[in-house]
Amino acid sequence: MSTSPATPTASTLRAARRRDRRVYTRSHPVLFALLAAARRRTVTRIGRTVLVHGATPYRQALTQVPLNRTATGTTGGAARQLSEGGTLFDQEGAEHRATRRAIADELGTAGVERLRPVWQNVLDRRLAPLRAGRDVDLVPLARELAGATVCVLLGTQGDPQDSAAAAAEAAAAAVRDHLPGPRRPGSARTAAGATARLEALLTPASGETTRPALRAMLALAAVNTTVAALPRAAAWCADAGLWEQAADDRLRPALVGELLRVTAPSPLLPRVAGADAELDRCPVRAGDRLLLVARHAARAHDQPPNARHPAPPAVAQLVFGAGPHACPGARLARTQLDDVLAALAPHRPAILRARVDRRAALPTWRSLTIRATDARRTAENR
């Protein structure tokens, strides 16, 4: 069982980073090696592919370069292949802005507070064994938390576990089908079938008019990023000795931002340029594939989390995109992680076992088993 001191040190931060790197090196080794080799330059061209690592060109690519939102190899293109289209990821112009406004309203302050009891109930039930000295696997917890939140958000009676499993299956097959690296035979067909099952599970209540494709893609995004982020953030706290900061109501919001920055739940954004442009003196031609590396733009790879001296908001926010392509679920993600850390911090859990998910769409753990240390009992006996 790994344990860590009350405050982070250089050695515990290195240990935390070593563990976190495993979700990349064991799940997407070819892609990770390529990106790591190219990151010394802010922008690198390899044939018709442009790798964007620097914060400034990354932001410019999302705010100043016209993008082809339906091209093969993009999130929007994958959305159209999986379903009939009409999702946030493949829309253009006024339609895109209208959909974003509607989603932003649902995920604003009032919307998040309406959803909060849903995941708090999951946390209370799933973390109860820690108080009895038993082990807890944080991955099923994160999966149920994400699935329950999505089902309530979309007004469906679908089973949270089944919905989350379908979202994970569809995303995994879709990513394997359009990212660099080996492709499994029939992955596109598998992804389309999983998406159809997800749409069926997310059938809305009577009178709901949201398109099935949009509902499915919102579930895909919400479930997979949540399952990627929450266990990895907890692992950082356990390995780096960040539980004292997580227990501090004043420091925890900054810690949440830093943990989301270093975990970068969506570490890579595949896009296609819709017109000629230039990024940090590198010419970009219409049709070029852009691989926007959020992990590097946000300095997740070389700047560990520091709640007392966090990265500037303009840098930390990059893990959620930028401008018209910023993720509308950022507030939801921050609030959920804040509540997860607040619930875990009194137990000061340590990691017993960790297994990488080699099939998931996003770098994450297949299981992350924790156990409370004596810190809670010591505090209660003071």
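## Overview

The protein chain holds 17 helices and nine strands; helices (H or I, at least four residues) and strands (E, at least two) are DSSP runs, numbered from the N terminus. This is a predicted model, in which local features need pLDDT of at least 70 and side-chain atom pairs count only at pLDDT 80 or more, while totals for chains, interfaces and linings use all residues. Residues are numbered from 1 along each chain as its sequence is written, and side-chain values use heavy atoms, with hydrogens and water left out.

Of the 382 residues of the protein chain, 54% count as buried. Buried means under 20% relative accessible area, exposed over 50%, and partly exposed in between, with a 1.4 Å probe and protein chains only. Among contacts (heavy atoms within 4.5 Å) in the protein chain between residues at least 6 apart in sequence, 70% join residues at least 24 apart.

P29 is found in helix 2, which covers residues 29-38. With a relative accessibility of 44%, P29 counts as partly exposed. The C-alpha atom of P29 is separated by 9.8 Å from that of R358, although the two residues are 329 apart along the chain.

Rings of Phe, Tyr and Trp (its six-membered ring) pair if their centres lie within 6.5 Å; planes under 30 degrees apart count as stacked, over 60 as edge-to-face and the rest as tilted. By this rule there is one aromatic pair. The ring centres of Y24 and F32 are 5.3 Å apart and the ring planes stand at 25°, so the pair is stacked. Y24 counts as buried at 5% relative accessibility, and F32 counts as buried at 10%. The ring of Y24 also has the charged end of R295 over it, 4.3 Å from the ring centre; a charge sits over a ring if NZ of Lys or CZ of Arg is within 6 Å of the ring centre and within 35 degrees of the ring normal.

## Strand 1

T44 lies in strand 1, residues 43-46. Its relative accessibility is 13%, so T44 counts as buried. Leaving aside residues up to four places away in sequence, T44 touches A38, T49, V50 and L51.

Three strands form an open sheet in the order 3-9-8, with antiparallel pairing. Strand 3 (136-137) and strand 8 (350-356) stand at the edges with a single partner strand each, so one side of each is left without a neighbour in the sheet. Two strands pair if DSSP finds at least two bridges between them. Strand 3 pairs with strand 9 (residues 365-371) in the antiparallel sense over two bridges, and the bridge partner of D137 in strand 9 is T369.

Helix 8 (residues 138-153) packs on this sheet, where it touches strand 3 and strand 9. The direction of helix 8 makes about 115° with that of strand 9; axes are lines fitted to C-alpha atoms, for helices over the stretch in contact, and angles run from 0 to 180 degrees between N-to-C directions.

## Helix 11

Helix 11 (residues 212-240) has 29 residues and reaches 42 Å from its first C-alpha to its last. That is close to the 42 Å expected at 1.5 Å a residue, where the expected span is 1.5 Å times one less than the number of residues. G241 follows helix 11 and has a positive phi, near 75°.

## Strands 4 and 7

Strand 4 (residues 268-272) is mostly covered, with five of its five residues buried. L268, P270 and V272 point one way from strand 4, L269 and R271 point the other way, and all are buried. Strand 4 and strand 7 (residues 289-293) run antiparallel and are joined by five bridges. In strand 7, L290 stands opposite R271.

## Positive phi in loops

D280 has a positive phi, near 50°, in a residue other than glycine. D280 is found in the loop between strand 5 (277-279) and strand 6 (282-284), and counts as partly exposed at 34% relative accessibility.

R299 is also a residue other than glycine with a positive phi, near 60°. R299 lies in the loop between helix 14 (294-297) and helix 15 (313-316). With a relative accessible area of 34%, R299 is partly exposed.
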